[in-house]
Amino acid sequence: MRQSWVNQTVQAMPPSGIRRFFDLVAEMTGVVSLGVGEPDFVTPWHIREACVYSLEKGYTMYTSNWGLMELRQAISHDLQEDYGIEYSPKDQILITVGVSEALDLVMRAVLEPGDEVIIAEPCYVSYQPCAQMAGGVPVVVPTRAEDRFKIKAAEIERRITPKSKILLLCYPNNPTGATLDKETAEEIARLANKHDLLVISDEIYGHLTYEGSHISMAALPGMYKRTITLNGFSKAYAMTGWRLGYAAGPSEIITAMTKIHQYTMLCAPITAQKAAVEALKNGKKERQRMIDQYDQRRRLIVEGLNQIGLTCFEPKGAFYAFPSITSTGMSSEVFCEQLLKEEKVAVVPGTAFGPSGEGFIRCSYASSIENIKEALKRMERFLRNSKV
Ligand code: PLP
């Protein structure tokens with residue numbers, strides 16, 4: 001008998017730090033959770049109704065591997081309208097099972113064994129594993145609170161080698177809530193052009209920008225031909241469970257991704273695609289209503305955290321606050337475990353998003369005002385008691 005059937009890369013991969021934490025939460029009652037990174041809203045009714053109607057009409061079959069043409073057309077229309085970028089719905093947009101699948105596909109379509117993927121950290125939990133499973137080597141660029149967690153072009157440049165192939169960006173950012181300003185984005189674009197890098201831009205929180213407007217990397221000079229934009233319906237339309245996203249970019253890469261997708265996934269679910277068409281055509285008002293509520297909660301939580309002594313820079317996007325807990329002297333893990341045990345408040349240790357998240361916790365404000373107020377009250381008590 002073999003020692004293990006499991007592939008060595010997978011064996012070496014640690015399970016997600018978020019999952020471990022939520023296993024603890026699942027065993028408890030009365031927990032106020034600022035943990036999960038998903039909207040607390042139910043998908044707006046008119047979107048759900050479009051899905052129900054599509055089932056009544058008998059839409060229960062496969063779609064094209066690329067996804068429904070009407071959905072690709074609606075996405076193409078929005079990308080043109082929002083950022084002035086033109087993508088052909090024919091071969092530049094692929095509908096995927098969430099941004100999660102799109103991320104995996106692009107890595108597998110592009111990377112040769114040993115190619116380096118530059119990743120700003122702290123970062124979304126699946127970036128490094130996806131790069132590794134595709135044979136790539138993650139190269140981490142730490143970002144810092146004093147820079148408002150924006151990645152610096154000079155820091156990227158220091159890590160560029162002949163093996164560098166992909167620069168993976170996520171703005172607005174999970175877990176920090178950071179956004180990119182025009183100047184920084186343009187510097188990064190110049191660097192990508194200079195060093196011939198492919199930029200994967202995860203813009204899943206692109207619509208959740210509260211001050212200033214979202215900058216789409218593909219719209220910057222020279223970037224259209226070297227950017228794969230990933231986006232989806234999970235966050236902006238409160239559709240996490242529908243599992244729908246897309247990738248847009250140069251035809252050569254999107255076609256290669258479609259090749260993998262056709263053998264592994266075949267297509268995204270038709271019911272979700274029908275609902276997404278409705279979301280794009282008639283869902284902007286509801287989307288804005290949710291964004292306005294996140295914005296209200298954002299102000300409340302940032303002010304509250306700073307008031308109780310957890311220094312928090314003002315996040316301008318996504319739905320996360322990322323305060324420092326260094327004043328407590330505890331590590332992120334210990335802080336979160338103690339807070340959960342003593343006050344039943346769930347937040348996520350910054351280290352779940354990489355070692356540079358040490359000293360921080362992620363608090364999701366995709367939660368009701370009442371929950372946020374209650375969590376702040378309990379956190380204040382926890383801080384008071386832990387000083388004694
Ligand atoms: N990218 C980021 C930055 C995320 O935060 C998430 C989910 O939390 C995803 C991708 C996954 O999105 P999807 O639901 O579209 O697979």
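How many of the 13 residues of α10 are buried? The answer is 10, and the helix is mostly covered. This is a predicted model: local features need pLDDT of at least 70, side-chain atom pairs count only at pLDDT 80 or more, and totals for chains, interfaces and linings use all residues. Residues are numbered from 1 along each chain as its sequence is written, and side-chain values use heavy atoms, with hydrogens and water left out.

**View 1. Helix α10 and its packing partners.** Helix α10 covers residues 270–282. Helices are DSSP runs of H or I with at least four residues, strands are runs of E with at least two, and both are numbered from the N terminus. From first C-alpha to last, α10 reaches 18 Å, close to the expected 18 Å (1.5 Å times one less than its number of residues). Its buried residues include I270, V277 and L280, and also K274 and E278. Buried means under 20% relative accessible area, exposed over 50%, and partly exposed in between (1.4 Å probe, protein chains only). The buried residues of α10 pack against α3, α4, β2 and α11 (contact: heavy atoms within 4.5 Å).

**View 2. The Y205–Y320 ring pair.** The whole structure holds 15 aromatic pairs. Rings of Phe, Tyr and Trp (its six-membered ring) pair if their centres lie within 6.5 Å; planes under 30 degrees apart count as stacked, over 60 as edge-to-face and the rest as tilted. Y205 and Y320 are edge-to-face because their planes stand at 80°, with centres 5.7 Å apart. Y205 sits in the loop between β6 and β7, Y320 in strand β9, 115 residues apart. Y205 counts as buried at 2% relative accessibility, and Y320 at 0%.

**View 3. The Y210–Y365 ring pair.** This pair is tilted: 6.5 Å centre to centre, 50° between the planes. Y210 lies in the loop between β6 and β7 and Y365 in the loop between β12 and α13, so the pair ties together parts 155 residues apart in sequence. Both Y210 and Y365 are buried.

**View 4. Charges over rings.** K274 lies over the face of Y59, 3.9 Å from the ring centre. R289 lies over the face of F41, at 5.7 Å. The criterion is NZ of Lys or CZ of Arg within 6 Å of the ring centre and within 35 degrees of the ring normal.

**View 5. The ligand site.** 13 residues surround the ligand (a heavy atom within 4 Å). The closest are V99, S100, D202, S234 and K235. An N or O atom in the S100 side chain is 2.5 Å from a ligand oxygen. For D202, a side-chain N or O atom is 2.6 Å from a ligand nitrogen.

Technical notes:
A polar contact is a pair of N or O atoms within 3.5 Å; within protein, one must be able to donate a hydrogen and the other to accept it, and residues adjacent in sequence count only if both atoms are side-chain atoms.
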